[in-house]
Amino acid sequence: MASNPTATLTSLLRGSTIEDHEEVLKAANAVLKSSKINPEALHTRVVALLKLDRFNDALRALDDGGDKLAETCVLEKAYALYKTGQLAEAEKLAQGANTRGLKHVAAQVAYRAEKFEDAARLYKELSSEAMAIEGEENDLRINSSAADAQLEWQGNGDKVETSRKKPSREDLEAFETSYNAACGCIARGDLGAGSVLLKRARDLCEALDELSDEEKRAEVLPIMVQQAFVFTKLGKLEEAEALQKMINIADVPEPPSRVIAQNNALAATTNTDNPFMTQRIFDSVPNLSHTEKHFEHQASILQRNRYTIDLQAQKYPGVSKSTSSAIFKSPSPTISPYISSLSVLNAAAHAKSETGKARLKSILPLLEKRPNDVGLILVVVQLYLLINNPGPAISLLETFFRRLEESTTPADQDVRYAPGLVALIISLYRLSGRKSPIKTELGKAASYWRKKSKPSLSLLRAAGTSLLESSNPEDLSAAGEIFSSLRSQDPNDRTAIAGYVASYATSDFSKVSSNLDKLTPVSRLISGIDAAALEEAGVPTLPAPSALTSKKRSLDEKDKEKPVPVKKKKISKSKMPKDFEEGKKMDPERWLPLRDRSTYRPKGKKGKKKAMEMTQGGVVKEEESLELAGGAGTVKVEKAGGPGGAGKAKKKKGKK
């Protein structure tokens, strides 16, 4: 007698140690042959397909099961959509999740959709609740640290809690959390700490007993790729090269990591004599599927490197066309790092490897077409500085700022007072010795950012410090307001406390007296200073600079006495006469017109007569001066010739 399929499935599901998902799938399919609407069998089939990584088949099974199955398997469908790269549908399904499992899926979807702030918030909510299964706490710590690291890479490090930026003891206990903490340090520019944490992550991974050698190799390779990158950035090229030799790029398990490893290997190499070979190696990596795409900050770097290789291969028109298309599609002005870098590459493509003023001349016409292109403006400013001409660079930035100030769009105002652009124009003012505009610019920027919910703290500190240099009570009061707003952001900010005290110390001491204990005592600041020795040494004076000293090395007296050899000017063959012979003396009159040369002999009677009059041996005409009547002056007239001469006038005969 044949066994009952439903009973077989039930017995399989009751087995606590069952791991063969193929057997479960076969049992579920057997039940569905006899009962197509069996809810338990339909659900079991979906779960088995997910366990076997057959996500598209799981979605088809969910569609075949009808609305009732879809209502039961919301978690399973959201997970299958996430794994197949359908992030928008998965996010819509998991939105407002009220179950713990669905919250996990929602956090993973937000992470893959690069909504890292939402992912970090969901992981924080899950961590605050009671853990449902064993090992969930460790997984949440790993995923939370990964979201924090991605926020740093994305340029949103201010959205990461300050307490989480420094690795905790728990982060150093697992190689995953150590690796994520290292990535966060690298994104912030702390390469030294990142290198130490990467070494810690690698040592922990290699010491694991529960992983096989192949699994360890698969986990260690991405860590080594990141280590090689950090060594290259630190300038430790020998360590980076030795590490690159240990990495077999073909063994890197994940295709996205394999592409990054190939890119970093090319970036670290010093042999770039053949850009066409570099381009061929760069394009040899496999194409990524829809579910394996890089994050935006990774994809932008890879695209920039591709354009750079194309420029080295002198593919200027292609780079110019591609970058121009992306630039015109983006809003302008924008301070997006990716769009600004494309503007730099576009300018390089138009310059075509020219240098100096020629490069600037070829790029300036682009500024007329794209006057609000921040990246292009920065390129022109840099080129002006390279030729030691900061004046036009300052004028260019001031004109750009005035144009943005006249705009009513909030995004334009954010660009106008972007901390980086404000810092640039202040640096140019200092380079030119112009101190008065610095305070004005910082004051305007500080006034703008104080109205924002998330102000630029570094810019406010710079503005407050600049205002403290003034003795004007209004400036000191404005500095006090700035440092007071900084204290509201972080009450323990020692810089803000010191600035707040300095602002009101002369005008309202009672207002700041309670804050003096929070500052470092003066006795501690001067503990290493010997006042008596300083007084005994006196006030040092700097030597007066010599007037207009040349930067060039002056010649010694012996060198001055030596005659400077005159270099022979080499004449091109096209400018040499046909009968030129080396060593033969050339005719000094060869550059004069033919009639002005001493060897000229005119032909014909008229020519000889004219030559007699103009050259030596000709007849000299005599002249005499006659006074005009009434004392009106004198005129010179030709003197008449002798009797019988040709100059004798003939009388006209009258008519008879």
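In helix α11, the buried residues are F175, T177, S178, N180, A181, A182, C183, G184, C185 and I186. That is ten of the 14 residues of α11, so the helix is largely enclosed by the rest of the structure. The model is a predicted one. What covers these buried residues includes α9 (136–153), α12 (191–206) and α13 (213–233). Just after α11 comes G189, with a positive phi of about 95°.

Now step back to the whole chain. The protein has 656 residues, and 33% of them count as buried. Its secondary structure comprises 33 helices and two strands. Take the contacts with a separation of 6 or more: residues 24 or more positions apart account for 49% of them.

The buried residues here are A41, L42, T44, R45, V46, A48, L49 and L50. An α-helix has 3.6 residues a turn, so residues three or four places apart point the same way. At the start of α3, a side-chain oxygen of N38 comes to within 3.1 Å of the backbone nitrogen of E40.

After α3 comes D53. This residue sits in the loop between α3 and α4 (55–72). D53 is not a glycine, yet its phi is positive, about 60°. Is D53 buried or exposed? Its relative accessible area is 55%, and the cut-off for exposed is over 50%, so D53 is exposed. N388 also has a positive phi without being a glycine, here of about 55°. N388 lies in the loop between α21 and α22 (390–405). At 69% relative accessibility, N388 counts as exposed.

Next, follow the chain towards α19. P333 lies in the loop between α18 (316–329) and α19. A cis peptide bond joins S332 and P333, with omega about 0°.

Two packed helices are described by the angle between their axes and the distance between the axes. Helix α19 (residues 337–351) packs against helix α21 (residues 374–386) at an angle of about 55°, and their axes are 7 Å apart. The two helices are therefore oblique to each other. Their crossing is right-handed. On the α19 side, the contact is made by S340, S343, V344 and A347. On the α21 side, the residues are G375, L376 and V379.

R370 is the last stop. Its place is in the loop between α20 (356–369) and α21. Leaving out residues up to four places away in sequence, R370 touches I327, F328, N346 and L376. One of these, L376, also takes part in the contact between α19 and α21. With N346, the side chain of R370 makes a polar contact of 3.3 Å.

Key:
Residues numbered from 1 in each chain as written. Predicted model: local features only at pLDDT ≥ 70, side-chain atom pairs only at ≥ 80, totals over all residues. Heavy atoms only, no water. Buried < 20%, exposed > 50% of the residue type's maximum accessible area, 1.4 Å probe, protein only. Helix = DSSP H or I, 4+ residues; strand = E, 2+ residues; numbered from the N terminus. Polar contact = N/O pair within 3.5 Å; in protein donor to acceptor, adjacent residues only side chain to side chain. Axes fitted to C-alpha atoms, helices over the stretch in contact; angles between N-to-C directions. Parallel < 35°, antiparallel > 145°, perpendicular 65-115°, else oblique. Left-handed = near helix turned anticlockwise from the far one by under 90°. Contact = heavy atoms within 4.5 Å.
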